[in-house]
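Biologist: I am new to this structure and would like to learn how to read it. Please take the features one at a time.

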Amino acid sequence: MRWNMTKKQRAKEIIERLEKEYPLADCTLDYDEAWKLLVSVRLAAQCTDARVNIVVRDLYEKYPSPAALAAADVKEIEAIVKPCGLGASKARDIHKCMNVLVEKYDGKVPDDFDALLALPGVGRKSANLIMGDVFGKPAIVTDTHCIRLTNRMGLVDGIKDPKKVEMALWKIIPGEKGSDFCHRLVHHGREICTARKAYCERCCLSEICKKQV
């Protein structure tokens, strides 16, 4: 057990161990175009990725492009995405977002963080996901798994606010590692370090995790 590791040292070893444990650092939302990831990540708020992946099949079959979604009736979008919860607000945001993409970006998703953040329904978590997954740029996605696990591991200290967690992690996580690191936290948070219980006896990080110190 290593008692005197700095946060940066602990982060480096955690990253290396998670890379061995989860070689495939993939996004659990299905998409083959950038705009679809934008839609899916909005639908994923307070909904499982598995359900979103099912719901979007019907959505994309009926509206196969940003232009089609922008021209759609919001109520018809809502009827399809309703199983994801918060159907009215999600449909409204998706409709507005696709309109901005069509009118301002010729239907393309911008590769600029601030431009993404200005899109309707897009917060820092979504913008970082797009930057990392679609454009391969430095990104840290502070979803619930990331916030819970980085606190347990001792990479951040009792911070729950997503932006504050993100800012703290930028100081100790190499930018080029951030996106994959966060994806691996999702897998680890679902399989081992769950919200209900941490299965420390099966954890590849047990020797270096702050929770065990």
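Modeller: Start with exposure: a residue is buried under 20% relative accessible area, exposed over 50%, and partly exposed in between, using a 1.4 Å probe and protein chains only. Glu19, at 26% relative accessibility, therefore counts as partly exposed. This is a predicted model, in which local features need pLDDT of at least 70, side-chain atom pairs count only at pLDDT 80 or more, and totals for chains, interfaces and linings use all residues. Residues are numbered from 1 along each chain as its sequence is written, and side-chain values use heavy atoms, with hydrogens and water left out.

Biologist: What is a salt bridge, by cut-off?

Modeller: A side-chain nitrogen of Lys or Arg must lie within 4 Å of a carboxyl oxygen of Asp or Glu. That rule gives 13 salt bridges here. One of them joins Glu19 to Lys177, with 2.8 Å between the closest N and O atoms. Glu19 belongs to helix H1 (residues 7-21) and Lys177 to helix H11 (residues 175-191), so this pair ties together parts 158 residues apart in sequence. Helices here are DSSP runs of H or I with at least four residues, numbered from the N terminus. Lys177 has a relative accessible area of 33%, so this residue is partly exposed.

Biologist: Are Arg42 and Asp93 buried or exposed?

Modeller: Both residues are buried. Arg42 forms a salt bridge with Asp93, and their closest N and O atoms are 2.8 Å apart. Arg42 sits in helix H2 (residues 34-43) and Asp93 in helix H6 (residues 87-105), distant parts of the chain 51 residues apart.

Biologist: Which residue forms a salt bridge with Glu76?

Modeller: Lys62 does, with the closest N and O atoms 3.4 Å apart. Glu76 is in helix H5 (residues 74-81) and Lys62 in helix H3 (residues 49-62), so the pair connects parts that are 14 residues apart in sequence. Glu76 is partly exposed at 38% relative accessible area, and Lys62 is partly exposed at 48%.

Biologist: Which residues are linked in a network of salt bridges?

Modeller: Glu13, Arg17 and Glu207 are linked in this way.

Biologist: With which residues is Leu101 in contact?

Modeller: Contact means heavy atoms within 4.5 Å. Setting aside neighbours within four places in sequence, Leu101 contacts several residues, including Trp35, Leu38, Val109 and Leu119. Leu101 is in helix H6, and its relative accessibility is 0%, so Leu101 counts as buried. Its C-alpha atom is 19 Å from that of Gly132, 31 residues apart along the chain.

Conventions
Helix = DSSP H or I, 4+ residues; strand = E, 2+ residues; numbered from the N terminus.
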